[in-house]
Protein chains: 2
Amino acid sequence: MRPRLTEARAPLTQELTVLDEFGQQRQITIPAERALTVFVDNRELVTLMTLGAAPELLVLGYLRNQRLVESVDDIDSITVDWDVDAAAVKTRAGIERFDEKTAKRVVTTGCGQGTVFGDMMSELDSLRLPPADEPSARLSQQRLYGLLNAMRLQESTYKSSGSVHGCALFRQDELLMFVEDVGRHNAIDTIAGWMWLQGMEGGDKIFYTTGRLTSEMVIKSAQMGVPIIVSRSGITQMGHELARKLGLCLFGRATNRHFICYCGFERFDAQPEPVDAMPRKPSDQRMG
Amino acid sequence: MRPRLTEARAPLTQELTVLDEFGQQRQITIPAERALTVFVDNRELVTLMTLGAAPELLVLGYLRNQRLVESVDDIDSITVDWDVDAAAVKTRAGIERFDEKTAKRVVTTGCGQGTVFGDMMSELDSLRLPPADEPSARLSQQRLYGLLNAMRLQESTYKSSGSVHGCALFRQDELLMFVEDVGRHNAIDTIAGWMWLQGMEGGDKIFYTTGRLTSEMVIKSAQMGVPIIVSRSGITQMGHELARKLGLCLFGRATNRHFICYCGFERFDAQPEPVDAMPRKPSDQRMG
């Protein structure tokens, strides 16, 4: 039985009067940001700062990615109430070892989340991604360009107001789900929640993120069974190490027809651009 | 008596072989990233993911910004050993209410850190910044340009390998300290540690950050008494609200001779550019 979810939406942007370099006041739009305190069976778990686009899916994905709940069916309901900035999670039978599971905290590069990181690391061996010769778990250069083009055309809060991170789920170059949040881990958690609710497998999917390819991003993708991640930004050392260990394929600095494949070359069907067709970028220097 | 600190440095970058859009393998440099587990009097506190440029100052600033330690003199020593990825903090007389202080966690937009956020909010009223008519707590447009120029000339890991956040401390347009880390909150914490060690006041200082102006960034700046923050990126709603409440002056989207002043106009001496001298940017859309 699927959990019952509210659909608590709130305005995603806010108007602001600012002063620019010409000494002129003007109106701009900035993303909204809200504190959402999550209670599980009446016990306070965490406060998430969020844009508020899909708070119930965010909470669902957070519970999954923190591995506090094993099956989506263990959750009876998630009720978000913006009047009190709270999400009330009701489980069907409680959470075993709640204190133990929430005790350890790690501040990771890509927005802490008090991740139960130590445990994650020790369970990495149990993660299984589809083999690299499985056609649906590979990506060609042409499909990669198609994916990047779909992202370019996507309407977004980012385009209207900046300062948010986006995350999308693809099947090859077909866009399945797109979400934005003020924190990029919220965005990937929201997609995790959506997949979980649908009972959707990750083996033939691809993640797109505007954020850096950090260890947490790689772990979350692997936990959801998604073997390929495409990022507009760069990579960190731990992200790279983990992805290699787990057999993920990572693309970064990916916009238009530019990209770097950092690892997992065996999942990539290159269709190289002619070398003289495009100016080489001087280095790998843009910010993640 | 000042704490004794090791000077544990480690390589800040790593070489990587990647595949580009031309189907060619090439060498790039990426930032290093290490897990540093902090023990306080032999009790595990937190694991920070860091570039490792100044781990002792990072730990010092973390303890300060989490308000776990009241005075720098309460700390006897910080010993970082990269062989075991650990920082051992020895206090002179232990930390009172350690469990209570570390119990509450909040995942904020700008990299969680399990911040004792609830408490912070309730103590905001006690933060005092210098008045806006104090000349050293103001900034002119010309000095702002000088500051941005100093940042442009600064050598950095970012320039060589991307994917890190930078943070700097200025007195007007004089650069006092610059630090980079894989997480931007590490960078500001490291500067906090450095200021604390020097016994340096913040009232006549200015923060520069490459990251977004989030609530945490504003709170940390205010805690250190720094009334002005300049960012290359944008702003979040909570960052804006808090800065207004606290009387901070925030500049964002700041590069070359472009910027937006989001709030605290009263600390800013505008020397407007002629309106026809420069093309207006179409909107406030770049990513933080």
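Buried, in this briefing, means under 20% relative accessible area. With that in hand, here is a quick tour of a predicted model. Chain A has 288 residues, and 63% of them count as buried. We'll start with chain A and its helices, then look at rings and cysteines, and finish with a few residues of chain B.

**Chain A as a whole**

- Chain A is built with eight helices and 16 strands.
- Take the contacts in chain A with a separation of 6 or more: 57% of them come from residues 24 or more positions apart.

**Helix α4 of chain A**

- Helix α4 of chain A covers residues 141-153, which makes 13 residues.
- At 1.5 Å a residue the helix should span 18 Å, and its end C-alpha atoms sit 19 Å apart, so the two figures agree.
- Which residues of α4(A) are buried? They are A:Gln141, A:Leu144, A:Tyr145, A:Leu147, A:Leu148, A:Ala150 and A:Met151.
- As background, an α-helix has 3.6 residues a turn, so residues three or four places apart point the same way.

**Helix α7 of chain A**

- How many residues of helix α7 (residues 215-223) of chain A are buried? Nine of its nine residues are, so by the under-20% cut-off this helix is mostly covered.
- Among the buried residues of α7(A) are A:Glu216 and A:Lys220, along with A:Met217, A:Val218 and A:Ile219.
- After α7(A) comes A:Gly225, with a positive phi near 80 degrees.

**Rings and charges**

- Over all chains, the structure holds eight aromatic pairs.
- One aromatic cluster is formed by A:Tyr145, A:Phe251, A:Phe259 and A:Phe268. You've met A:Tyr145 already, as one of the buried residues of α4(A).
- In chain A, A:Arg34 lies over the face of A:Trp82, at 5.4 Å from the ring centre.
- In chain B, you'll find B:Arg34 over the face of B:Trp82, at 5.4 Å from the ring centre.

**Cysteines**

- Is A:Cys167 buried or exposed? A:Cys167 is buried, because its relative accessible area is 1% and the cut-off is under 20%.
- B:Cys167 also counts as buried, because its relative accessibility is 1%.

**Residues to look at in chain B**

- B:His258 has its place in strand β15 (residues 258-263) of chain B. At 18% relative accessibility, B:His258 counts as buried, because the cut-off is under 20%.
- B:His258 and B:Glu33 are 225 residues apart along the chain, and 32 Å separates their C-alpha atoms.
- B:Asn42 is in the loop between β4 (34-40) and β5 (43-50) of chain B. Though B:Asn42 is not a glycine, its phi is positive, about 70 degrees.
- Why does B:Asn42 count as exposed? Because its relative accessible area is 75%, and exposed means over 50%.
- B:Asp85 is found in the loop between β6 (75-81) and β7 (86-91) of chain B. B:Asp85 is another residue other than glycine with a positive phi, near 50 degrees.
- B:Asp85 counts as partly exposed, because its relative accessibility is 32%.

Definitions and conventions. Residues are numbered from 1 along each chain as its sequence is written. Chains are lettered from A and ligands numbered from 1 in the order in which they are written. This is a predicted model: local features need pLDDT of at least 70, side-chain atom pairs count only at pLDDT 80 or more; totals for chains, interfaces and linings use all residues. Side-chain values use heavy atoms; hydrogens and water are left out. Rings of Phe, Tyr and Trp (its six-membered ring) pair if their centres lie within 6.5 Å; planes under 30 degrees apart count as stacked, over 60 as edge-to-face and the rest as tilted. A charge sits over a ring if NZ of Lys or CZ of Arg is within 6 Å of the ring centre and within 35 degrees of the ring normal. Buried means under 20% relative accessible area, exposed over 50%, partly exposed in between (1.4 Å probe, protein chains only). Helices (H or I, at least four residues) and strands (E, at least two) are DSSP runs, numbered from the N terminus. The expected span of a helix is 1.5 Å times one less than its number of residues. Contact means heavy atoms within 4.5 Å.
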